[in-house]
There are 2 protein chains.
Amino acid sequence: MTATDKHTESKIFEAATEIFEEKGLAAARMQDIADRASINKALLHYYFRTKEKLFMAVFDKLAEKMFRKFASIFEEDMPFEEKIRYFFYEHMSFLEKNPKLPMFILTEVNRSPELLDKFLSMVNISNIKSKISADISGSLPEEAIPHLMVSIISLSVFPIVAKPILQGILSQAGIEYRQFIKERKQVAPDFIINAIRQYNVQTNNKPQK
Amino acid sequence: MTATDKHTESKIFEAATEIFEEKGLAAARMQDIADRASINKALLHYYFRTKEKLFMAVFDKLAEKMFRKFASIFEEDMPFEEKIRYFFYEHMSFLEKNPKLPMFILTEVNRSPELLDKFLSMVNISNIKSKISADISGSLPEEAIPHLMVSIISLSVFPIVAKPILQGILSQAGIEYRQFIKERKQVAPDFIINAIRQYNVQTNNKPQK
DNA sequence: TATATATTTAACCAATTGGTTAAACTATTT
DNA sequence: AAATAGTTTAACCAATTGGTTAAATATATA
């Protein structure tokens, strides 16, 4: 493999990433990818053999990116309240930089759930549960923790995925979507923290490492 | 138009609804729709002329259904806390019966946001805002209301849309998705209500009409 | 019952799509 | 420099796709 083909292969990969993120597998066309990469379509097959294999290479990269980001944030060692705030800040900043990623993943995993198989273990919910239990005291029931986590994800991801709808509805009230998402980085963690206050949750004031 | 063709047309429409919901516009095939309806493919064109027109008929019907459900629940006259509980119960029951609908709408409006134009006015956010302000007293800032509404929608819709992911992750901890969603009808409104308690929100105890 | 109208069928069509092929071109090795 | 290996191109291919056509069939009307 020469420097030239490393270049061609990555050009293809980048173009494919964009096109697949924008259109999904079903609507993406090999000719569109070739056009985006400014190469002859036959090269797609020379380097990646089939559309399916090219798609899988892209999906794997993007899903890894998304799940790793999620998992790493949640497993950080820090006081719980701070972790919630850090999660929203980090996760929503990540989503801001990758606005098409969640919708891409959701589209493809709804079509083909087995695509997820190799990524699920990256999110160890039992591990996260014990970390959360260790981080907080009070009467938060253990069975509430998955709900809490799903709520956290819901509050951060859904407004991104529903952008066209929210943009339309919010603009009726003179609210600008970008500004709304900006505020949300603050509002959403407040919301979560206040919601769990009912359990007399005291976040441990452990010294930070 | 005869009784027979009313029958054929609705058979086509129903089959198209299923196929478009399952696959979206890009991946749906006219032959698949014809097979699902047990008719000859040419009839799709006889009754609906083009794929695009058939899709639009289906999209309009489904989007109307979804937006009308959302809007009607939120404009109910009842005490706020009760409205939140009613919203989650009604909305999540609706989503349970139409599990593919949100993902279908999200997919298509992300691809083509102008599809939304005729439905946005069904959700009058300013109207909802004044209703909520009238329903509750306390110090909930007006600019927090859109965030509250988006949170409510996020908490109800996202777990449906993310079913494959949640199913995978939750099963690792021995949690069954269906049971999780069932619990959520109770957990999510609790969450919302507790979250806004910080504003010294008192829900009006107006007599029900 | 005969005629007109509407519906359905099966065959066909042009365009598009993912993929293949072999020649031309470029880079590397002997 | 010639031979070999690797990359790229442009043309081509078979299958699929949304759509069309005209004949056959069914239904409605006079």
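Q: Buried area is the accessible area, taken with a 1.4 Å probe, that two parts lose when put together, summed over both. What is that value for chain B and chain A?
A: In this predicted model, chain B and chain A bury about 4,300 Å² between them, and carbon and sulfur atoms give 75% of that area. On the side of chain B, the residues that lose the most area to chain A are B:His147, B:Phe158 and B:Phe191, which together account for 16% of what that side buries.

Q: How many residues of each chain are in contact across this interface?
A: Contact asks for heavy atoms within 4.5 Å. By that rule, 49 residues of chain B touch 49 residues of chain A.

Q: Which helices of chain B supply at least two residues each to the side that touches chain A?
A: They are α1 (3-27), α6 (101-111), α7, α8, α9 (163-172) and α10 (177-196). Helix α8(B) gives the most, with 12 residues. Sorted by class, this side of chain B has 35 nonpolar, 12 polar and two charged residues.

Q: How many salt bridges and polar contacts does the rule find across the interface of chain B and chain A?
A: The rule finds zero salt bridges there. It does find 10 residue pairs in polar contact, with both residues at pLDDT 80 or more.

Q: What makes A:Lys118 and A:Asp60 a salt bridge?
A: The rule wants a side-chain nitrogen of Lys or Arg within 4 Å of a carboxyl oxygen of Asp or Glu. For A:Lys118 and A:Asp60 the N to O distance is 2.7 Å, and the pair counts as a salt bridge. A:Lys118 sits in the loop between α6 (101-111) and α7 (125-135) of chain A, while A:Asp60 belongs to helix α4 (residues 51-74) of chain A, so the pair ties together parts 58 residues apart in sequence. Over all chains, the search finds 22 salt bridges.

Q: Why is α7(B) called roughly perpendicular to α8(B)?
A: The label covers angles of 65 to 115 degrees. The axes of α7 (residues 125-135) and α8 (residues 145-161) of chain B come within 10 Å and cross at roughly 100°, which makes the two helices roughly perpendicular.

Q: Which residues make the contact of α7(B) with α8(B)?
A: From α7(B) come B:Ile125, B:Ile128, B:Lys129, B:Ile132 and B:Ser133, and from α8(B) come B:Ile145, B:Pro146 and B:Met149. By class, they are six nonpolar, one polar and one charged.

Q: How many helices and strands does chain A have?
A: Chain A has 10 helices and two strands. Along the sequence they follow the pattern α-α-α-α-α-α-α-β-α-α-α-β.

Conventions:
Residues are numbered from 1 along each chain as its sequence is written. Chains are lettered from A and ligands numbered from 1 in the order in which they are written. This is a predicted model: local features need pLDDT of at least 70, side-chain atom pairs count only at pLDDT 80 or more; totals for chains, interfaces and linings use all residues. Side-chain values use heavy atoms; hydrogens and water are left out. Axes are lines fitted to C-alpha atoms, for helices over the stretch in contact, and angles run from 0 to 180 degrees between N-to-C directions. Helices (H or I, at least four residues) and strands (E, at least two) are DSSP runs, numbered from the N terminus. Angles under 35 degrees count as roughly parallel, over 145 as roughly antiparallel, 65 to 115 as roughly perpendicular and the rest as oblique. Ala, Val, Leu, Ile, Met, Phe, Trp, Tyr, Cys and Pro count as nonpolar, Asp, Glu, Lys and Arg as charged, and the others, Gly among them, as polar. A polar contact is a pair of N or O atoms within 3.5 Å; within protein, one must be able to donate a hydrogen and the other to accept it, and residues adjacent in sequence count only if both atoms are side-chain atoms.
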